[in-house]
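The following paragraphs lead the reader through two parts of a predicted model. Please keep the sequence and the structure in view while reading.

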Amino acid sequence: MPLDRHIELDELILKEIDGVITDQEFAELSDCLRHDPEALNYYLDFVTLCAAILKPGEVTLSDDSCCSIEDIGQSALWMALAENERTAETIHLEKEDSLSQIETQISVSNHRQSVSRVALYTAIFSTAALLLMIAFVVTHPRQSRDAVAILSGSSKAVWSDAADISRESNRLYTHSTLSLLEGFAEITFDNQAKIILQSPAQIDIEDFNQIFLHSGKLSAVVPPSAVGFVVRTAAATVVDYGTEFGVTADAAGHTEAHVFEGKVELRSGSDPIRFAGIMKLTKGLAGRVSETGELSTELMLAQPSSYVRRLPAKPTFGQPGKRIDLADIVGGGNGFGTGKDCVGIEPISGKVLKDLVMINRKLGYSHYFPVPEMPYIDGVFVPLGGHAPQIVTSQGHTFDQCPITDGCYWIEITNNPIASISGNSGGQALDVHLVRLGGIQFGMPLHPGIMMHSNTGITFDLDAIRASIPGVKIRRFRTMCGMSDTVIQQNVQADMWVLVDGQKRQGAHFIYNQTCHYTQMDVEIHEQDRFLTLISTDGGDGNGGDWTFFGDPALELETNNFQQ
Amino acid sequence: MNEKYPQSSGNGCEKSNKDDFISLFLSNQRRIFTFILMFVPNRSDAEDLMQETASWMWKNFDEYKPGTNFGAWGVQVARYKILKLHNRTQSSRLKFGGDLVDLIDAKAEHTLDSASYKIHALRKCLSGMNEQNRRLLYLRYEEGLTPQKLAQMVDRPVHGLYKTMARIHKMLLRCVRQKLIAEGDE
């Protein structure tokens, strides 16, 4: 329970210490402590501090400049009180209003008139409900809420109905729970700490410098004015020391902290003060805490590109809570626009190439290569078929139906879906252009694509993707795929495949100008499915002119319900 | 809360010097008083209980074995006194119920163990507090003016004074908490 909720608890404890508490107030205090563990912790801390102040010698309340009673006349004290009242934080007591409204409603309905039986029953139920509400308000000390932050930006944000945001001012209050179902939201605290939430995410704003991340993913930038900013999760606490970092947590408490700048402390357990273990993380490092609150001894490398660190300037195809853009993942991103453009992965080595070679006929040899630089890509390969089962995952899944190919490919697997014709001897790329399907041009922010000129394969690690976006299920893989509208050779053939854990889920054979040269693919993804593999093969006629690619390649998401 | 007659961990064979009692008691009285205040937050009752506890410890100091944890012994004695108080004042409205007492007991010693860090932080927070607030705390706690007296002096309602004091305490706790978090003291 955050501190601000305790303003009335403070009063009750002080009155109890002074022996002036009423029976009702004492009952309220007892009830609150009995039913609210955090209130009990607060009470114990409060009493500890009071005991220290009450016992002489523990702390000093006066110094040379303050405060002999003889020096303090009535007016000085009055001014002190008045000053305190004037400068005190505004406290909103929302339930007080609702209680007075209830009382008003009760007092005005006091004249006799004939009523129907239905109306009578309705009135009885309403009264019972009112009594329950009143009982709740009476037995639960009222919560005060302070405005401590503002919703400073969003992108395609969809909030749950219960999201507690002031419509007039976008102000955010302590004790509010925010559930972001889709998109991104940027929250700026009054002390200038800033977080970007990636959906699905649910947070409580606990204090002026502290949030509780129930589940989801966020990045934070904490300036010197907000050092000490705290992100609690169900099993861990991240304490900032003026830095930029990211946190991912699931509802069970698995937590990861990644540091992009500066330093943070990752502490075991959700209590920022009492904790069993601590891990200091500096720039470039990441740490992990298990659901039981155990710190992993293994230091990891931070993955800046898996966190959105500023709101997208333009709409993107990948939308948190809705769909993951696999082309962005090929670009080294997290599927929501953090990848780079024009990134290629060499299928004969797994190397990531920043400078694409446009024309580059290479011979592959069936081996499966991991891509260590990209956490969500399991590996790449050149499908050869025929000679031996084609391995398509790091776990050894094989694609038994893989057709025999000539083992050659033209360009790397890339998120820059371009095609070109080659000049003499393959030495020069001519007519470089973005590919199209059905008139739609791909390679644009809202229509990304993965160029996979025939005889290339890539496998995505669905478990790694799931782990990066807690609170969602991957439901389907959807894409448009085929040969570009711009193919210039007639009757060229190619095959395109979608596998899950090595099993063919969908495949299509294209003959340019004899069949439709593209199609939609829609594959259901189950929770136990681990790997998604995309393959293009040459259709048996060599790879010349096979401008094959996957357009709008998306993993469709379903957001789990948040616990309210 | 287990009701057991308090015994020190010593064997009682070696007579301790009762002169040591004062220094041991002074260095542990805050821990014992804090423990009592957790269960009996009424200050006046808590002070009475503290006196009873001190008196019992004084009379039975022979049972204390030098070198063992005097504070823990004191807390054990206080726990016994608290239970006795609760048993003899069944009708007191100021008594926490048995289930709540158990809840407090489950957390009390852990809170006590970390109290020194909190008090260290509290000192820092008090030194950084503005003069008006410190003045109010001083008048309330060091000069011992009751809220009623303070309110009377300035012709303000007692209710308003409690609100003010609650705000100050809240501010202090927030400050303590921030310092503990920042220092990672525990």
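In which sense do strand E28 (residues 449-451) of chain A and E35(A) pair, and over how many bridges? The pairing is antiparallel, and three bridges connect E28(A) with E35(A). Within this pairing, Gly449(A) has Gly551(A) of E35(A) as its bridge partner.

Strand E35 of chain A comprises residues 548-559, and E28(A) is one of its partners. Strand E30 (residues 472-483) of chain A also runs antiparallel to E35(A), with 10 bridges between them. Here Phe477(A) is paired with Leu555(A) of E35(A). Strand E14 (residues 323-325) of chain A is likewise antiparallel to E35(A) and is joined to it by three bridges. In that pairing, Ile324(A) lies opposite Leu555(A).

The burial of E35(A) may be considered next. Of its 12 residues, 10 are buried, and E35(A) is therefore largely enclosed by the rest of the structure. In a regular strand, side chains alternate between the two faces of the sheet.

Helix H2 (residues 23-35) of chain A and helix H4 (residues 98-113) of chain B have axes that come within 10 Å and cross at roughly 50 degrees. H2(A) and H4(B) are therefore oblique to each other, and their crossing is left-handed. H2(A) contributes Ser30(A), Leu33(A) and Arg34(A) to the contact, while H4(B) contributes Asp99(B), Leu100(B) and Leu103(B).

Technical notes
Residues are numbered from 1 along each chain as its sequence is written. Chains are lettered from A and ligands numbered from 1 in the order in which they are written. This is a predicted model: local features need pLDDT of at least 70, side-chain atom pairs count only at pLDDT 80 or more; totals for chains, interfaces and linings use all residues. Side-chain values use heavy atoms; hydrogens and water are left out. Buried means under 20% relative accessible area, exposed over 50%, partly exposed in between (1.4 Å probe, protein chains only). Helices (H or I, at least four residues) and strands (E, at least two) are DSSP runs, numbered from the N terminus. Two strands pair if DSSP finds at least two bridges between them. Axes are lines fitted to C-alpha atoms, for helices over the stretch in contact, and angles run from 0 to 180 degrees between N-to-C directions. Angles under 35 degrees count as roughly parallel, over 145 as roughly antiparallel, 65 to 115 as roughly perpendicular and the rest as oblique. A crossing is left-handed if the near helix is turned anticlockwise from the far one by less than a right angle, and right-handed if clockwise. Contact means heavy atoms within 4.5 Å.
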